[in-house]
Structure formats: structure tokens, C-alpha cells
Amino acid sequence: MALLEEPIKGVPVAKNYIDGEWVESKGEIIDVVNPVTCETIGKVGISTKEEIDSAVQAAQTAFHDWRRTPPVTRCRYLFRLRELLEENFEEVSRVQTQEHGKCIDESRGETRRGIENVEVACGIPTLMMGDCLEDIASGIDEYLIRQPLGVFGVIGPFNFPFMIPLWSAPYAVATGNTVVIKPSSEVPFSQTKITELAEEAGFPPGVWNMVHGGRTVVGGMLEHPDIQGITFVGSTPVMQDVIYPGCGETGKRCIAQGGAANIIVIMPDCNVEATIPGLMTSFFGNAGQRCLAGQTLVIVGDDDSFYNDFVEKVTDRARNIRIGYGLDESVQMGPVRDVQKKESILNYIEIGLKEGATLKLDGRKAKEILGGYPETCFLGATIMENVSREMRIVREEIFGPTMGIIRTKTLDEAIEICNESPYHNGHAIFTSNGKAARQFQYDCISGNIGINIGIVAPMAFFPFSGMAGSFLGVLHTQGKEAVRFFTESKVCIHRWL
Ligand code: NAD
């Protein structure tokens, strides 16, 4: 096999970037492990309270001049960043694959989606405009301007190490705020690369900061009086127990995006040939570690021959997914991020079996790992039948390459199953019937709805939505809603005598 070109060389230490300087953390230094090779590919510091405090201080100081920089000038830094991200497109994608394990094409997709947010934020002179009405009363005019607030914290999860902080940070700085980004310490190098490019793009010191670490950094952000708001993407317990209450206690704005357990509904009139590839990427792409991944498949109708034929086709495709190191272009599924995550997924499969599900495809041991890598973090695709709506494998987030199949007689029942899930992130339906599609869109509680789309990822100019257990807040990341989140509406009323 050809040697795969890995972009992270040696064992670098991911440094913090504070006030335009790269500084090694004074906290504990931990290993960053490639889940494919199980080798240490780098190190990262678990930063201290003093380090997050000094980043917020730098960002607060930089805010004074940055907010006075005209929007049209501010967005030129983003144009430059966009160009640099394009020039480094392949390298940043390979970094994601090396530190996370996802396939290179998935990383390229992630890079593209991240860059698109920078592109949208480049339109800030238009997006940030206010409103005006002359003569609200005789001789009196009223207008609304949007002003930046100060320093924002951006907290990312492990599963999209490059893209997710870009759902927020470009809008925050474009609107005149300054940011401190805390990447997941499991995958610190993608954000390190972006920050290097932000430095090259010439952002003034203190505008774009990054502090690696874990709870101490998050706690430091939540407590800090100079942080005006936080965007968080991660698991539901952290969202519900730590981030949202923490922001509430200190009066911060908050966008909190949590976990998911998405349900994909199959109508017997769907286009089977087009649906099955969509299900493969939905359930097994990124090894199931997506907040928009399908977890439960609900097949509607009592036609046994449709059901048996459909499940057979899905199983055949899933059985033949090529597993290995995502830097190999022929690989279709990489490992999960670490051994603990693999154990958690295996545990959920056991729970499902105990609750009465049966194995149609057993992926607990990967059949073949291309390149002969250790099986430590690898799993194959698992498909379980005879699943029922009350089972934990339906109601809880598994976050791995598993599919649980439920049969229902009617679409109404399928929608009920979606609506009783504690999560409402990205449910979808596959059908060729417009009435069924509209009913699903109308009645199904879900922040993002897919009609013949298995991964309902909103483009950068739409909000990344979510509801109930998948989201806390009002405004969302991306696009115009992000612009609203990062600005205060100030209303001015003028009368000149
Ligand atoms: P996580 O909640 O463990 O970590 C997210 C971030 O919070 C990380 O930066 C981490 O360092 C920090 N953190 C973890 N525990 C903390 C604690 N107790 N106190 C303070 N900070 C803490 O999530 P993860 O495992 O990195 O990411 C996977 C989760 O993210 C899944 O649940 C997935 O569904 C969710 N996710 C949601 C979306 C969405 O848009 N809704 C997108 C991607 C991922």
C-alpha cells in the first residue's frame, strides 16, 4: 500500500494563541492520539484559569479599536482568511482526518462547509445593516443600528474539529466583536491551523484568540464578567447542566447546540436506488459521529416483501463499506474517535439486544481493516431489527455506526415516534409522495427536516437549527441569526427642533 501523506509531523505541542502570540500552556500537557494508528501525533495543554483570563483580557482590550474599524475593512481580513483557507484546503482537510479519523472526502466536505461560513460573514456590511423609518411622528425619525458587544467564547466538540467554530467565529469578528475559541482537546490541530491562517490574514492582536483545554477553560469563560456570550456545540448533558445555566447565572447570551438521535422515515413509495446511498452516509458516514446522523430507521407499511427487500439491500451495502485509514481515498469509514467511545457504542448494542432487538449485521468487530491497522477504535456497521420505540437505542444518543430498524403501519405513527424522542435535531423522510412529505415537515418536531435528504446540514446562509434536547437558546449559529446573536439592537429616535 502506498504510504499515506500525513500533514502533522513529529509530535508538535498545540499552543494557545493569545494577544497575537503563540504560548505553550502552563497546564497539564496531554497526548493527542490518532485513532487509526493509535500513535501519539501531538500534545496539547489543558489550560489554566489564568490563561483563559489573559485571553479574555487581550480580547477585551482589542475590542476597543476593532469595533471602531469599519465593517468594510473588518471583512477584508475575512476575505484574506478565506483565500488562505482555500490555498491550504487539502492540508487542513488532511489534518482533520489525521487527528479525528474521518475519511478524507468527509474532511474535504467539512472544510468546504467551514469556508462557506467565512464567505457569508464577508457580506457583513450588508448583513449588519439596521432599519430606519422617517416620520414615526411628525418631524421625528427612528432607526435601529446593530452594535457589537465585546468578547465572545466559542466552544467546539470533537466531531467537526474544523468547521464548527466557523459557525460562529467569522460572524463574531465581522460584526466587530473579539473571540476566544476553545477547541475540543481531543482534536486541537484543526483549529490551530485555522488560527495560524487567521494570524497570517493579519487580524490585529487580541481579535482572534484560541485557548486549548477542558472544563477549567469553559468554567473560566462562564464566570468571566467580560465575556458577553457563548456559543457551545457538544453533548446534551454539558449543554443542559453546565453551559446554559452557567450563561443564565451571569447574564450571558447563549447558543447551545446539543446531542441528537435522529430518526429517518422510509415510505414504501420512496425511490429505493436513490435512498440507499443516502442512508449509508447518514448512518455510517463519519462512523456515525454526526449530530445529524441517522440512528433509527422507521419503515412504514405492512408490505413484507418491500420491507425484506429494502432491509436486504441496506444490509448488503453496509456490509461492504470499506474500513480503514481515511487518508486512503478508497476508504469509506474510519474509526470512532477513541476506545471509550467505541466501548460506549458496544454497550448500547448490548443494551439493544437485551431489550429484544436482533442483529441483522454485526459490526461489533470490524470485518476487515484495510492497511492492517489495529482494531482498537474500529467498528463495522451494525444493523438491528425488531427495535421498538421505547428502547434506549432509540431514545438515547449512541453516536456510532449503528442503525436500529422499527416497523410502523402508518406515517402518523412514524411521526409520533419522532416527536416522542427527547432529541429534535435532524429527522428526515424518504418518499415520492408530496402529501406525506408536507405532513412530515408540518407535524414533525425537528430543528432541521430532511425530505429525501439523509444529513440535513443547513448551508451557511441558513441557521443551524435544533429543538428541545438538541438545542437551548433562541438564535442559532450561521447566517443572519448569527449576526443578530453577535449584535445588540440599538434604537435611536431623533427630533430636531
Ligand atoms: P462534549 O459535550 O463532551 O464536549 C464539547 C465541549 O465541551 C468540548 O470543548 C469539551 O472540552 C467541553 N466539555 C466537555 N465536558 C465538559 C464539562 N463537564 N464542563 C465544561 N466543558 C465541558 O461533546 P463532544 O463529545 O466533544 O461532541 C459530541 C457531541 O456533540 C454529541 O453529543 C453530538 O451530537 C454533539 N454535536 C452537536 C451538534 C449540533 O449542531 N447540535 C454538532 C456537532 C456535535
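In which helix does arginine 82 lie? Arginine 82 is part of helix α2, residues 71-87.

## About the model

This is a predicted model, in which local features need pLDDT of at least 70, side-chain atom pairs count only at pLDDT 80 or more, and totals for chains, interfaces and linings use all residues. Residues are numbered from 1 along each chain as its sequence is written, and side-chain values use heavy atoms, with hydrogens and water left out.

## Arginine 82

Helices are DSSP runs (H or I, at least four residues), numbered from the N terminus.

## Helices α3 and α7

The axes of α3 (residues 89-100) and α7 (residues 189-201) come within 8 Å and cross at roughly 160°. Axes are lines fitted to C-alpha atoms, for helices over the stretch in contact, with angles from 0 to 180 degrees between N-to-C directions. The two helices, α3 and α7, are therefore roughly antiparallel (over 145 degrees).

On the α3 side, the contact is made by Glu91, Val92, Val95, Gln96 and Glu99, and on the α7 side by Phe189, Ser190, Lys193 and Leu197.

## The ligand

Glutamate 397 has a polar side-chain atom 2.6 Å from an oxygen atom of the ligand. Glycine 258 places a backbone N or O atom 2.8 Å from a ligand nitrogen atom.

Definitions and conventions:
Parallel < 35°, antiparallel > 145°, perpendicular 65-115°, else oblique. Contact = heavy atoms within 4.5 Å. Polar contact = N/O pair within 3.5 Å; in protein donor to acceptor, adjacent residues only side chain to side chain.
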